[in-house]
Amino acid sequence: MIDGKHSVLRLDSVSRVFGDVAAVNGVSLQIRAGEFFGIIGPSGCGKSTLLKMMAGIDSPTTGEIDYQEKPIVVSKLRFPEIVLVWQSLALFPHMNVAKNVEFGLRVRGVTVNDRKARVAAALSMVGLEDFRERRIDELSGGEQQRVALARALILRPRVLLLDEPFGSLDPHRRGELQVALTKLHRETGITFVMVTHDQSEALTLASRIAVMNAGHFDQIGTPEAILASPTTAFVARFVGNKNVYAGVIENIVNNTYTVRTRVGVFLAVARPETPLQLAQGSKVVYIIPADQIVEGAIHVNATKGMFLGRVMLGSSQIIRLAVADDCILSYERCRNGHGTNGPTPEMSDRTVSWPDTAAYLLAG
Ligand code: ATP
């Protein structure tokens, strides 16, 4: 059993099976009071199913979920402190903003005066004071997301479960709502659990993250730890900016592994997280962080690539090369076009390299 003393939510070996699909498969987790916890993973990996079980809307097939050491069970008297903001928002389009926001209080029999004061407070928390009378279908997607948040906040939750809170918002609106959510989290001390398939969103906002893969957690940790040291090839690929290639160990000399991959034969020096059981012939995954690759044959590991394209990111850019016919290698370069080895003509094929201390191995 997990020690639940310091956790507000505690999941112990939770599974949820639909027919022959294990949507959630043996998940254990503790979420601390006041934390901003992110759950990320690709579409269909079980994130929403997990969130519904935390909200007491669905039950695990096996395993337990506790809120402050009391079991969460599906019933009409669910914990009122745990509030789920649905991915679909589930707003009432025919009602105005104020009516939508106060709905939960009406159902609970709160008096008109109390309702008025709490609607005003909730709308001010999400910056929608001037929208009380607007109909839902007269609002932008971002404003509707804020109404859904206000409708949850008015219930004074201790735990706010957010299913894809940024939905299909454009980048500008996403940014605005991210700021609003961060402020809310800081000002209210509410525990946030946010589900998203967008890793950059979670890596920016959450203080801890679980990376979900086909119903189970591959890794739980801080964004920094997950970015710097993914523990599985899936996590390395999912959190991005990593080049991940399957390979076999050809040789080990002292601390240095020689690995044959589809892209070439490369070296990697052992790091603390390198699996201990690796031997000659072991299948591995060879990972090169995109920010460790430079243009030119400067380091011990080098490969040639055909220029495929680039993505601008503020002052830097990600260059994508085709290597070994059908593999892609990405690396970062500052925007003025100068690699460490001087300027490279745009669009041209090129050699890139990286040190053996920058690459690392995971079990394949
Ligand atoms: P998305 O990011 O697309 O919302 P998700 O990670 O939230 O996906 P879930 O909605 O939890 O994924 O679904 C996980 C798996 O469980 C999927 O294969 C889905 O088809 C299946 N599933 C979910 N709910 C049910 C249900 N009520 N009946 C049958 N299968 C279901």
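Mentor: A salt bridge is a side-chain nitrogen of Lys or Arg within 4 Å of a carboxyl oxygen of Asp or Glu. Keep in mind that this is a predicted model.

Trainee: What makes Glu295 and Arg350 a salt bridge?

Mentor: Their side chains meet at 3.0 Å, N to O. The cut-off is 4 Å. The pair therefore qualifies. Glu295 lies in strand S15 and Arg350 in strand S21 (residues 350-354), 55 residues apart.

Trainee: Which other residue forms a salt bridge with Glu295?

Mentor: Arg333 does, with the closest N and O atoms 2.9 Å apart. Arg333 sits in strand S18 (residues 327-334) and Glu295 in strand S15 (residues 294-295), so this pair ties together parts 38 residues apart in sequence.

Trainee: Why is Glu295 called buried?

Mentor: Its relative accessibility is 4%. Buried means under 20%. So Glu295 counts as buried. Arg333, also with 4%, is buried. Arg350 is buried too.

Trainee: Is Glu64 buried, partly exposed or exposed, and why?

Mentor: Partly exposed, because Glu64 has 37% relative accessibility, and that class runs between 20% and 50%. Arg10, at 5%, counts as buried.

Trainee: What makes Glu64 and Arg10 a salt bridge?

Mentor: Their closest N and O atoms are 3.2 Å apart, and the limit is 4 Å. Glu64 is in strand S4 (residues 62-67) and Arg10 in strand S1 (residues 7-18), so the pair ties together parts 54 residues apart in sequence.

Trainee: How many salt bridges does the structure hold?

Mentor: It holds 14. Salt bridges that share partners join Arg10, Asp12, Glu64 and Asp66 into one network.

Trainee: Why is Arg271 said to sit over the ring of Tyr360?

Mentor: The charged end of Arg271 is 4.1 Å from the ring centre. The distance limit is 6 Å, and the charge must also lie within 35 degrees of the ring normal. Arg151 lies over the face of Phe92, at 5.9 Å from the ring centre. That value is within 6 Å as well.

Trainee: Which residues do ring pairs link into a cluster?

Mentor: Phe266, Tyr286 and Trp354. The count of aromatic pairs comes to six.

Trainee: What is the lining of the largest cavity by class?

Mentor: Seven nonpolar, one polar and no charged residues. Gln145 is one of the lining residues.

Methods
Residues are numbered from 1 along each chain as its sequence is written. This is a predicted model: local features need pLDDT of at least 70, side-chain atom pairs count only at pLDDT 80 or more; totals for chains, interfaces and linings use all residues. Side-chain values use heavy atoms; hydrogens and water are left out. On a 1 Å grid over the protein atoms alone, a cavity is a set of points where a 1.4 Å probe fits but cannot get out, and a pocket is an open set with protein on both sides within 12 Å along at least five of seven lines; lining residues have an atom within 4 Å of a point. Ala, Val, Leu, Ile, Met, Phe, Trp, Tyr, Cys and Pro count as nonpolar, Asp, Glu, Lys and Arg as charged, and the others, Gly among them, as polar. Rings of Phe, Tyr and Trp (its six-membered ring) pair if their centres lie within 6.5 Å; planes under 30 degrees apart count as stacked, over 60 as edge-to-face and the rest as tilted. Helices (H or I, at least four residues) and strands (E, at least two) are DSSP runs, numbered from the N terminus. Buried means under 20% relative accessible area, exposed over 50%, partly exposed in between (1.4 Å probe, protein chains only).
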